[in-house]
Amino acid sequence: MLLSNVGSFYLDDTEWQARQAGVNYRPVLDAALKRDRRALHTLFRLTADNAFHGAGADSHSCALWTLMAQWGDRDFAKALTAEPARIRQAVITFLDYAAAE
């Protein structure tokens, strides 16, 4: 089961906040879970653009953690390394938050 199918309550805030930034979160998340690089980049960019806060940020940090597990450390790191420093730092901050939970 994909993370985005665990129940609408889980991603409601995240979806709404992403929509405010012009992104339909569930399809992008599903694509990223299927190893679509463009979708992963979109989620990375949203992270750095401060699109998420509160419950939306909590869910998004868990989504990033799940994506890291799905992609594997090497491939996830390779994709993240291709991003600008501000995006890399934002994603690392969200992953640190998810790891502390």
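This is a predicted model: local features need pLDDT of at least 70, side-chain atom pairs count only at pLDDT 80 or more; totals for chains, interfaces and linings use all residues.
Q: Let's start with the core. Which residues have the most contacts inside the largest nonpolar core?
A: Phe-44, Leu-67 and Phe-76 have the most contacts inside that core, which has 30 residues.

Q: And which helices supply at least two residues of this core each?
A: Helix H1 (8-20), helix H2 (25-33), H3, H4, H5 and H6 each do. As background, nonpolar side chains in soluble globular proteins tend to be buried together.

Q: Take Phe-44. Where is its place?
A: Phe-44 sits in helix H3.

Q: Buried or exposed?
A: Phe-44 counts as buried, because its relative accessibility is 0%.

Q: What does Phe-44 touch, not counting residues up to four places away in sequence?
A: Phe-44 touches Leu-64, Phe-76, Ala-79, Leu-80, Glu-83, Ile-87 and Val-91.

Q: How far apart are Phe-44 and Trp-71?
A: Phe-44 and Trp-71 are 14 Å apart in space, C-alpha to C-alpha, and 27 residues apart in sequence.

Q: Staying in H3, what about Thr-42, buried or exposed?
A: Thr-42, also found in helix H3, is buried, with a relative accessible area of 16%. The cut-off for buried is under 20%. Leaving out residues up to four places away in sequence, Thr-42 touches Val-23 and Val-28.

Q: Now H5. Which residues are buried there?
A: In H5, residues 73-81, the buried ones are Phe-76, Ala-79 and Leu-80. Seen down the helix axis, the buried residues of H5 fall within an arc of 100 degrees, so they line one face.

Q: Why would residues three or four places apart point the same way?
A: An α-helix has 3.6 residues a turn, so residues at that spacing point the same way.

Q: What is on the other side of H5?
A: Arg-74, Lys-78 and Thr-81, which are exposed.

Q: And what covers the buried residues of H5?
A: The cover includes helix H3 (37-48), helix H4 (54-71) and helix H6 (85-100).

Q: How do the axes of H4 and H5 cross?
A: The axes of H4 and H5 cross at roughly 120 degrees and come within 6 Å. H4 and H5 are therefore oblique to each other.

Q: Which residues make the contact?
A: From H4, Leu-64, Leu-67, Met-68 and Trp-71; from H5, Asp-73, Asp-75 and Phe-76. By class, the contact of H4 with H5 has five nonpolar, no polar and two charged residues.

Q: Which residues meet in H4 and H6?
A: On the H4 side, Ala-57, Asp-58, His-60, Ser-61, Cys-62, Leu-64, Trp-65 and Met-68. They meet Val-91, Phe-94, Leu-95, Tyr-97, Ala-98 and Ala-99 in H6. The contact of H4 with H6 has 11 nonpolar, two polar and one charged residues.

Q: And H2 with H4, what angle there?
A: H2 and H4 pack at about 25 degrees, with their axes 9 Å apart. H2 and H4 are therefore roughly parallel to each other.

Q: Which residues of H2 and H4 meet?
A: Tyr-25, Leu-29, Ala-32 and Leu-33 in H2 meet His-60, Ala-63, Thr-66, Leu-67, Gln-70 and Trp-71 in H4. The residues of this contact divide into seven nonpolar, three polar and no charged.

Q: How many of the residues of H2 are buried?
A: Seven of its nine, and H2 is mostly covered. The buried residues of H2 are Tyr-25, Arg-26, Val-28, Leu-29, Asp-30, Ala-32 and Leu-33.

Q: Switching to backbone. What follows H2?
A: Arg-35 follows H2, with a positive phi near 70 degrees. Arg-35 lies in the loop between H2 and H3 and is partly exposed, with a relative accessible area of 36%. For background, most residues other than glycine have a negative phi.

Q: What about phi of Asn-50?
A: Phi of Asn-50 is also positive, near 55 degrees, in a residue other than glycine.

Q: Where is Asn-50 found, and is Asn-50 buried or exposed?
A: Asn-50 is in the loop between H3 and H4. Asn-50 is exposed, with a relative accessible area of 66%.

Conventions
Residues are numbered from 1 along each chain as its sequence is written. Side-chain values use heavy atoms; hydrogens and water are left out. Buried means under 20% relative accessible area, exposed over 50%, partly exposed in between (1.4 Å probe, protein chains only). Helices (H or I, at least four residues) and strands (E, at least two) are DSSP runs, numbered from the N terminus. The arc is that of the directions from the helix axis to the C-beta atoms. Contact means heavy atoms within 4.5 Å. A nonpolar core is a set of buried Ala, Val, Leu, Ile, Met, Phe, Trp, Tyr and Cys residues joined through side-chain atoms within 4.5 Å. Axes are lines fitted to C-alpha atoms, for helices over the stretch in contact, and angles run from 0 to 180 degrees between N-to-C directions. Angles under 35 degrees count as roughly parallel, over 145 as roughly antiparallel, 65 to 115 as roughly perpendicular and the rest as oblique. Ala, Val, Leu, Ile, Met, Phe, Trp, Tyr, Cys and Pro count as nonpolar, Asp, Glu, Lys and Arg as charged, and the others, Gly among them, as polar.
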